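This report covers a two-part reading: how the chains divide, and how their elements pack. Please view the sequence and the model first.

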Amino acid sequence: MGVKLLLDKANVPGIRTYEVYRREGGYRAVEKALKEMTTDAIVEEVKKSGLRGRGGAGFPTGMKWSFIAKPDGVPRHLVCNADESEPGTFKDRYLMEFLPHLLIEGLIVSSYALGSNDTYIYIRGEYAWITDILEQAIEEAKAAGWLGKNILGTGFDCNIHVQRGGGAYICGEETALIESLEGKRGNPRIKPPFPAIQGLWMRPTVVNNVETLAAVVPIINMGGEEYAKIGVGKSTGTKLISACGNINKPGVYEIDMTITVEEFIYSDEYCGGMKDGKKLKACIPGGSSVPILPANLLLTTAKGEPRYMNYESLSDGGFATGSMLGSGGFIVLDEDQCIVKNTYTLARFYRHESCGQCSPCREGTGWMEKILQKIETGKGEMSDIDLLWDIQRKIEGNTICPLGDAASWPVAAAIRHFRDEFEWHVKNPELAQTSNFGLQHYADPIHVPA
Amino acid sequence: MATTFNDTQMTEFKRLVARYPEGKQKSALLPALHLAQESFDGWLSTEAMDYVASLLQIEPIEVYEVATFYSMYNLKPVGKFVFEVCQTGPCMVSGSDNIIDYIKKTLDIRPGETTKDGLFTLKLVECLGACGYAPMMQVGKIYKEHLTKEKVDSIIAEYKALATNN
């Protein structure tokens, strides 16, 4: 069993309630931080831990915190990004649903460190029942004196508010999230200024993912140095992975980033192997926007070394032969899955979610969807494949926010690694409607198909 | 029907606005639109949006541009229960196409349509964060997961019973 820092108490009956959470040692981090530590010391501890943003970008959290401006007389805000919308990702939902007080505890410590007296949780609108769970947890914490005025007699005031979004993937981008929190369309802002200088209501703001803020609790309890000893290299601590697709045990797993991808997929502790004894064809290891990899490149790097479930190893080889850990949304595809169709549904998703501000993304995502639909429905031409490649290249890097990149990468990687499957679709338009290209040379080389 | 909040709804509206600093009441717009949609038959008419604008002391256009941007706000009347079925990658690889076809056939409607009895609307949506429990759909506040044809039948029966009992 690997180390568990976040989900270790997830199965304790009643852990969702304040009484049980407190009895199991909850809110110790708040006591320690508020009574024994200065705000600078907390930021230092988070820096030492090596914690990287768990939303997908992997930016060092301590460094992000240290950027926050502190002009006199201007309130600062911490905003928790609970807009989890990246296809394949459902880890924050799990954490908030079953361990709401862990997030609240992390938020109190982080709000204290950053000087936020009014902290907001921006949760995706569809997670309506989780909003109720969080609001109840906040009430419980308030009744027990962990929130409100003069917490633990330290003079620190803090309130946490939950705001539901309205259904828009783009609001996971931090400046779009801020716009949405201000009651506007989720159009990302041009940076600079960065939120740390001018964020919510033009006040200094830090936006962090749910899992990131929850991880602050074990970091304070055990110390940053101890936390950094878990994991490997710059992938410190633990990471929540939400696994889905054609596997035996879809779900949310906490890993310590030292296990191999092979172990994650095939061991009973995690995914439990492929469903119905099928063969592994491909995987999108870090949420829908990261490059899809065929089985051979997923399990081993281009150099033939085992690939591990961490930031560095998953991106080994760059986009030519690697991918990214991203948000930890791990989507597994078996031999029966069609890469063209899968890519088409993702392209449709990004067209639907483009905010429309930047032409390359607004127009390009629509073109990619249409061309992929054309190929998928047997009306494609060979030149369409090159056209797709050309369009994605013209979106990437040419937009205000990373949604353009997120829309381009899945298309690029699908063509890069599965071009013959696209060509097969074009050459066999009728056959492609009733059968799939299958495995060909993409099969898992370790678990050799019979 | 009335497009003004009753006392309970107004209390909730005031609670939403109170979360934000003085003068930043526009921030309550998204939650206020959810409240309006729940209060006024599951959709936002122009009257409902204008009402929210007047309560928040903002221009109606500020409400329209938000209501049209986010996918959860219905700008046309919907059935008593809206089946929002996910069709994105992870649900697709887990068989959401079959579920969508089955719902279409069973209810005899296409996506975006409402059954003649006004009970059900079918809406196809993009990823709702239930990828490990696919295929899935959302009905109101509830996620219905691990869908099969049998499960769809029982969900339809469940909501028909609910409508009869109310």
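Predicted model: local features only at pLDDT ≥ 70, side-chain atom pairs only at ≥ 80, totals over all residues.

Residues are numbered from 1 along each chain as its sequence is written, while chains are lettered from A and ligands numbered from 1 in the order in which they are written.

**Domains**

Domain bounds come from an automatic or database domain assignment. The table lists them.

| Chain | Domain | Residues |
|---|---|---|
| A | domain 1 | residues 18-227 |
| A | domain 2 | residues 235-334 |
| A | domain 3 | residues 339-436 |
| B | domain 1 | residues 7-67 |
| B | domain 2 | residues 81-165 |

In chain A, the C-alpha centres of domain 1 and domain 2 lie 28 Å apart. These two domains touch: 19 residues of domain 1 of chain A are in contact with 18 residues of domain 2 of chain A. Contact means that the C-beta atoms of two residues, placed from the backbone, lie within 7 Å. On the domain 1 side, α5 (91-98) and α9 (210-222) of chain A each supply at least two residues. The top contributor there is α5(A), with three residues. Helices (H or I, at least four residues) and strands (E, at least two) are DSSP runs, numbered from the N terminus. By class, this side of domain 1 of chain A has seven nonpolar, seven polar and five charged residues. Ala, Val, Leu, Ile, Met, Phe, Trp, Tyr, Cys and Pro count as nonpolar, Asp, Glu, Lys and Arg as charged, and the others, Gly among them, as polar.

In chain B, the C-alpha centres of domain 1 and domain 2 lie 28 Å apart.

**Where the chains meet**

The contact takes 45 residues from chain A and 33 from chain B. On the chain B side, α2 (29-39), α4 (60-67) and α5 (89-93) each supply at least two residues. The most come from α2(B), which gives five. This side of chain B has 18 nonpolar, nine polar and six charged residues.

**A buried helix**

Helix α8 (residues 174-181) of chain A is largely enclosed by the rest of the structure, because eight of its eight residues are buried. Buried means that 20 or more other C-beta atoms lie within 10 Å of a residue's own; exposed means 12 or fewer, partly exposed in between, with C-beta atoms placed from the backbone. Among the buried residues of α8(A) are A:Glu174 and A:Glu179. The cover includes strands β1 (77-82), β2 (118-123), β3 (159-164) and β4 (205-209) of chain A, together with α2 of chain B. Just after α8(A), A:Gly183 takes a positive phi of about 85°.

**Strands and sheets**

Strand β8 (residues 251-255) of chain A is also largely enclosed, because four of its five residues are buried. Five bridges join β8(A) to β7 (residues 239-245) of chain A, and the two run antiparallel. Strands pair if DSSP finds at least two bridges between them. A hairpin of five residues connects β7(A) to β8(A). Across the pair, A:Ala243 stands opposite A:Gly251.

Chain B has an open, mixed sheet of four strands, in the order β2-β1-β3-β4. Its edge strands are β2 (120-125) and β4 (142-144) of chain B. Twist averages 25° from one strand to the next. Three bridges join β1 (residues 81-86) to β3 (residues 137-139) of chain B, antiparallel. Axes are lines fitted to C-alpha atoms, for helices over the stretch in contact, and angles run from 0 to 180 degrees between N-to-C directions.
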